[in-house]
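Dear colleague,

Please find below the structure that I am handing over to you, with its sequence. My notes on what was found in it follow directly after.

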Amino acid sequence: VLHGQFIISADNILFIPNTFTPNNDAVNDEFVVSMTNINIYRIQIFNRYGISMFISHDIFDNWKGTYKNELVPVGTYYYLINATDYNDNAIKKSGSVTILR
């Protein structure tokens with residue numbers, strides 16, 4: 001079951017899961033952020049020590065729970081999302097995501 005933050009505004013719909021299970025079972029293997037009406041997008045994932053694990057500017061480039069092509073340990077990681085919609089509204093979200101296996 002996928003849980004997370006679900007936000008509906010006048011201009012976009014946003015869903016950010018709070019857990020995922022990168023265990024190659026083809027179910028919930030990636031941290032998939034869903035946003036509508038996005039013009040510019042940037043996500044960064046950090047570990048608990050503040051080390052950047054993942055950066056992407058492509059909404060379809062999902063974090064697979066890896067760092068330097070190795071699976072990261074089970075635990076909590078932190079994300080920062082900065083986006084702009086097609087009306088030039090800034091969207092800034094931050095929070096945590098937990099990896100389970």
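Ring pairs join F20, F31, W63, Y77 and Y79 into a cluster. Rings of Phe, Tyr and Trp (its six-membered ring) count as a pair if their centres lie within 6.5 Å; planes under 30 degrees apart are called stacked, over 60 edge-to-face, and the rest tilted.

Before going further, please note that this is a predicted model, in which local features need pLDDT of at least 70 and side-chain atom pairs count only at pLDDT 80 or more, while totals for chains, interfaces and linings use all residues. Residues are numbered from 1 along each chain as its sequence is written, and side-chain values use heavy atoms, with hydrogens and water left out.

By the ring rule, there are four aromatic pairs. One of them, W63 with Y77, is edge-to-face, with 5.4 Å from centre to centre and 65 degrees between the planes. W63 lies in the loop between strand 6 and strand 7 (66-67) and Y77 in strand 9, so this pair ties together parts that are 14 residues apart in sequence. Strands here are DSSP runs (E, at least two residues), numbered from the N terminus. Both W63 and Y77 are buried; buried means under 20% relative accessible area, exposed over 50%, and partly exposed in between (1.4 Å probe, protein chains only).

W63 also belongs to the largest nonpolar core, which has 22 residues; F31, V33, M35, Y41, I43, I45 and W63 touch the most other members. Strand 2 (13-17), strand 5 (38-46), strand 6 (52-56), strand 9 (75-85) and strand 10 (90-99) each supply at least two residues of this core. A nonpolar core is a set of buried Ala, Val, Leu, Ile, Met, Phe, Trp, Tyr and Cys residues joined through side-chain atoms within 4.5 Å.

The structure as a whole contains one salt bridge, namely that between the side chains of E30 and K64, at 3.8 Å from N to O. The term requires a side-chain nitrogen of Lys or Arg within 4 Å of a carboxyl oxygen of Asp or Glu. E30 lies in the loop between strand 3 (19-20) and strand 4 (34-35), and K64 in the loop between strand 6 and strand 7, so the pair ties together parts that are 34 residues apart in sequence. E30 is partly exposed, with a relative accessible area of 28%, and K64 is likewise partly exposed, at 40%.

Yours sincerely

Conventions. Helices (H or I, at least four residues) and strands (E, at least two) are DSSP runs, numbered from the N terminus.
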